[in-house]
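I wanted to know what lines them and where they sit.

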Amino acid sequence: MPRFEMERWQSTYERGVKFNLSESGIEPITLRELLDEEEVRTILKVPLGYAETRGSEHLRSAIASLYEDCGPENILATTGTSEANFLAALGTMGRGSRVVTILPNYMQVWGIARFLGCDVEELRLREEAGWQPAEEDVKGSVRPGTRAIALSNPNNPTGARLTEESRRAINDAASEANAWIISDEVYRGAERKGDLSPTLWGEYENVLVTSGLSKAFGLPGLRLGWICGPRDMIEELWAIHDYTTIAINKITEAIGALVLARWREKLWARGREIIRRNFPLLRDFVEQTDLAWVPPEAGAIAFLRYPWEMPSIELATRALQRDVLLVPGSQFREEGYLRVGFGMDSEVLERGLARLESLFEEVDAG
Ligand SMILES: Cc1ncc(COP(=O)(O)O)c(C=O)c1O
């Protein structure tokens with residue numbers, strides 16, 4: 001399999017580093033902050049058997065309530081959004097088939113498609129258009145014979161959201177090619193401005209929405225994800241899930257159902273509050289440096305363009321020498337950029353950015 005560069009980069013350095021600005025989600029919350037005494041007692045009573053293999057009806061109904069015209073039969077519970085993406089890719093892409101991935105993007109589905117020997121066409125978002133795809137590029141890449149189109153919306157790494165026009169162009173092209181869309185929406189709910197980001201669910205028939213509690217909810221350690229899709233396809237993906245993890249973690253199932261039924265709005269509000277509080281720190285930093293950006297609309301991440309002729313891995317390595325971890329653009333197949341997260345503790349962010357500022361001054365001075 002192609003190496004998942006970003007995941008390996010993060011797991012190698014995130015533990016020892018002082019200022020981890022590589023995280024894309026919201027600062028995680030503890031169980032103590034989340035659950036009341038009665039809920040804790042409920043969790044303590046959960047028998048540690050296998051969970052129902054597609055997720056209990058109770059959990060799937062709670063997940064389904066995030067989407068309109070969606071029922072438990074449209075949901076498969078998975079171990080994180082990663083497993084959801086893995087199953088969605090396996091279920092839609094045949095060996096050697098033609099697939100399109102939007103770039104820049106979280107590189108998981110791209111890597112799986114390469115592993116499957118697919119003919120992977122890259123559809124580039126355009127920075128000058130606010131990280132939207134050009135309609136002619138959509139039409140040119142999603143040709144007949146395309147089996148699947150993978151995207152993330154809100155997008156990782158840019159924090160941009162597809163406009164209605166872009167979504168329509170992608171949906172129309174997919175419909176014409178009879179292709180599946182895999183829409184990774186794990187950052188939905190982490191909006192810096194505006195309402196809840198629109199979902200592709202309900203906009204196009206053959207869509208698989210993947211998501212989970214890892215980003216907007218600040219609960220990556222629970223490892224709860226899901227796929228939302230047409231009933232028949234969910235049954236097929238469930239059969240693949242028998243080969244991967246069988247069932248999700250039983251405690252996760254219980255906590256996940258509580259979170260979605262009772263704490264959803266509270267957690268989303270917490271996430272947005274952190275994003276809105278930290279955003280000005282990042283904005284001031286960008287304004288004081290030679291960096292350029294399209295300010296992110298959602299997700300606690302920004303994709304910053306730098307003006308120096310230097311590979312992004314070199315710049316990221318120099319940041320690491322100053323105890324700051326961020327993600328080089330090359331790990332999204334975009335040179336000349338750095339991805340910086342801003343969903344963490346404000347002090348860590350502020351101090352990490354100050355170190356970056358002095359690094360950039362050094363680079364500027366040659
Ligand atoms: C777009 C996207 N999808 C999926 C994942 C992985 O999610 P999870 O931790 O729920 O497996 C990430 C993690 O960074 C991500 O950015």
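I sorted the lining of the largest pocket by class and got nine nonpolar, 13 polar and ten charged residues. I counted Ala, Val, Leu, Ile, Met, Phe, Trp, Tyr, Cys and Pro as nonpolar, Asp, Glu, Lys and Arg as charged, and the others, Gly among them, as polar. The model is predicted, so local features need pLDDT of at least 70 and side-chain atom pairs count only at pLDDT 80 or more, while totals for chains, interfaces and linings use all residues. Residues are numbered from 1 along each chain as its sequence is written, and side-chain values use heavy atoms, without hydrogens and water.

I took the volume of the largest pocket next: about 770 Å³. A pocket here is an open set of points on a 1 Å grid over the protein atoms alone, where a 1.4 Å probe fits, with protein on both sides within 12 Å along at least five of seven lines; lining residues have an atom within 4 Å of a point. The volume is the space filled by probe spheres set on the points, which are joined across faces, edges and corners.

I noted that the largest pocket lies between domain 1 (5-29 + 265-361) and domain 2 (37-263), because both give residues to its lining. The domain bounds come from an automatic or database domain assignment.

I then turned to the second largest pocket, with a volume of about 250 Å³. Of its 15 lining residues, Pro 2, Arg 3, Phe 4, Met 107 and Gly 111 are the closest to its centre. By class I found eight nonpolar, four polar and three charged residues in this lining.
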